[in-house]
2 protein chains.
Amino acid sequence: MKKLINKPEDVVKEELEGVALAYPSMVKVHFEPDFVYRADAPVQGKVALISGGGSGHEPMHGGFVGMGMLDAACPGQVFTSPTPDQMLESAKMVHGGAGVLYLVKNYTGDVMNFEMAADMARAEGIDVLNLLIDDDAAVKDSLYTAGRRGVGTTVLAEKICGAAAEKRYDLKKLADLCRKVNINGRSMGMALTSCTVPMAGKPTFDLPEDEMEIGIGIHGEPGRKRLKLKTADEITEMLALAIIEDPAYHRTVREWDAGKAEWVDVDLVDPPFKAGDQVLAFVNGMGGTPAIELAIIYRKLHEICEKKGLKIVRNLMGPYITSLEMQGCSITLLKMDDELIKLWDAPVKTPGLRWGI
Amino acid sequence: MKKLINKPEDVVKEELEGVALAYPSMVKVHFEPDFVYRADAPVQGKVALISGGGSGHEPMHGGFVGMGMLDAACPGQVFTSPTPDQMLESAKMVHGGAGVLYLVKNYTGDVMNFEMAADMARAEGIDVLNLLIDDDAAVKDSLYTAGRRGVGTTVLAEKICGAAAEKRYDLKKLADLCRKVNINGRSMGMALTSCTVPMAGKPTFDLPEDEMEIGIGIHGEPGRKRLKLKTADEITEMLALAIIEDPAYHRTVREWDAGKAEWVDVDLVDPPFKAGDQVLAFVNGMGGTPAIELAIIYRKLHEICEKKGLKIVRNLMGPYITSLEMQGCSITLLKMDDELIKLWDAPVKTPGLRWGI
């Protein structure tokens, strides 16, 4: 295992210490329980947006804490869900009297722990809603997931909902927005190589020198298929068409109903893409992928979108939701409208995304 | 060779096409000869700042073209110098009547070609000065270099001189500033793994599973030594102390003397760091290094600087000057003063660095 680390068990703690030292004007770090939070928290009168999940996907989530994005992020150990006490304590630290939105990627541990944390926070008088991101078009049900996994759209939801919170959307309106982003976003990833979880010390999976995995999850969960290596254009086409031609996706998720004061089942439908749609195109590196390769993927994605009548109105390219040093990429398309474009363009100042200020 | 590419010979062309499609508001791309240039070029009355070098180090240099940084960047094939016609044609395209500064990393091919281009541009009536970056404290003379190699300080010089050009520093004053950045910056890198040049199809060098190379160049040029793997803290200490304890470095470089209208030898001395200095600390990923590991490096670097009496007043962390998918990192320290801090903080809007606007 070749890594720039000290003891495997100290990776997350030491990474958080590094982040705290590097970005003191943007974030602070609380230890035991661990969470990253806005240096200027709590922001009074603003809904606090909190996310979290296993470490190893940096800059997500800790790198997206700051003005215009998250109020706090709760990192678990590498590829391991954070615990309810992290989520609860971060909510108590950053809530500004207008409620808390927990933005949760659809992995069973994360979903369960954020639900427990929400119940605990409400018991302490904090309004909380939990919103799910489940945008991975690759597979239904997976190693750690019932339904679709939450991947690239999470980054976009954190940016867009963060901007809306900054503009003082109330909790209900922010939840509606988050749901809109989720149902309009779809992703699919692929890997050329595995990653190695520090505590495991060996690759998560074996992938022969001439093979790749299409539809892989961000923890190395199995995808749709293993194939012989193909060209960047062929790979881009496989990912993009799987997203663009994905039919309507119906499912039921659990959300908190503040009126009824109980968890209720909500039916969601992700509408398929259609010619004429405006989209944000997000080409993501898995952590070990050089920038030069992402640009080659973007080039082909642009051509495919054009051919399909999708107009790319905004984009994002780089390693934003990663799997340690995995080589590979993912593509996310998010259907945009005027509201989403305006929120995307709003200023943001976090360690991982920064513009407009 | 596992890469997200099509034909190896098309990598640079297709990457440039991707960049042009992704960032039309910031940059345009000219083909044959190839260069990336500011979408709003030429900016009248501003010195045009142009750099370039082999591809494979992205986002440097093409990703640093835009407001507040470079006016143009000339990419060669992977790890291969660009040609004088690229440098000449880009100068003709972007110069705004106040001259051109060619910012050149110290590799023999780059130095020679930028000198030829400067002579050709002057023959066409454009004022040009060539300034060298040779900041790599690892070794003197190297595979492609007489003297020290140009590495991480290049990124900082492009940002700082770009901001100064924006503030309408004239050519002579900008050259003085660039020289100041160069002599006050020092770097050193290391690799855990090799990279693979697409056209070569196999790793540039072999590095056993339990070894690393300290002082490596950004093209895989040999460093100071190969060692058994060490911890992140030990590696950081090796790099940081090599930089901080590097004695004064004297050498002679060739620069154009506009008064004499000839190339002259200029003596430069890099003063050593001393307790009380303010520094910018730049922790750079080599392309295949996860963000989580860079933060662990930063944590230790901060501790070492503190112990040595160096105050980190600004920082940069991420993959900015890379070697394809190489795993490893480099550290750059740049002695800062009020002028440099102000220029560092000035707005920048490029594909690879963006803030303040």
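To compare two helices, picture a line fitted to the C-alpha atoms of each one over the stretch in contact, and take the angle between their N-to-C directions, anywhere from 0 to 180 degrees. With that picture in mind, let us walk through this structure, which is a predicted model.

Start in chain B, with helix α2 (residues 84–94) and helix α3 (residues 108–123). Their axes come within 8 Å and cross at roughly 45°. An angle under 35 degrees would count as roughly parallel, and one from 65 to 115 as roughly perpendicular. Now look at the side where the helices touch: P84(B), M87(B) and L88(B) come from α2(B), and they meet N113(B), F114(B), M116(B), A117(B), M120(B) and A121(B) from α3(B). Of the residues in this contact, eight are nonpolar, one is polar and none is charged.

Next, turn to chain A for another pair, helix α4 (residues 153–166) and helix α5 (residues 171–184). The axes of these two come within 10 Å and cross at roughly 155°. Angles over 145 degrees count as roughly antiparallel, and α4(A) and α5(A) are therefore roughly antiparallel to each other. The crossing of α4(A) past α5(A) is right-handed. On the α4(A) side you will find T153(A), A157(A), I160(A), C161(A), A164(A) and A165(A), which meet L174(A), L177(A), C178(A), V181(A) and N182(A) of α5(A). This contact has nine nonpolar residues, two polar ones and no charged ones.

Now step back and see how the chains meet. Chain A gives 55 residues to the contact, and chain B gives 55 residues too. Between them, the two chains bury about 4600 Å², with 63% of that on carbon and sulfur atoms. Which residues of chain A lose the most area to chain B? They are K2(A), L4(A) and I292(A), which together make up 21% of what the chain A side buries.

Charged side chains also take part in this meeting. There are four salt bridges between chain A and chain B. E14(A) pairs with R299(B) in a salt bridge across the two chains, and their closest N and O atoms are 3.7 Å apart.

Over all chains, the whole structure holds 64 salt bridges. For one inside chain A, find R226(A) and E213(A), whose closest N and O atoms are 2.6 Å apart.

Finally, visit some details of the backbone. In chain B, the peptide bond from A41(B) to P42(B) is cis, with omega near -5°. P42(B) belongs to the loop between β2 (35–38) and β3 (48–55) of chain B. Another cis peptide bond joins M60(B) to H61(B), where omega is about -5°. You can find H61(B) in the loop between β3 and β4 (72–78) of chain B.

Back in chain A, where does D141(A) lie? Its place is in the loop between β6 (128–133) and α4 of chain A. D141(A) has a phi near 65°, which is a positive value in a residue other than glycine.

Key: Residues numbered from 1 in each chain as written. Chains lettered and ligands numbered in written order. Predicted model: local features only at pLDDT ≥ 70, side-chain atom pairs only at ≥ 80, totals over all residues. Heavy atoms only, no water. Helix = DSSP H or I, 4+ residues; strand = E, 2+ residues; numbered from the N terminus. Left-handed = near helix turned anticlockwise from the far one by under 90°. Contact = heavy atoms within 4.5 Å. Nonpolar A, V, L, I, M, F, W, Y, C, P; charged D, E, K, R; others polar. Buried area = accessible area lost by both parts, 1.4 Å probe.
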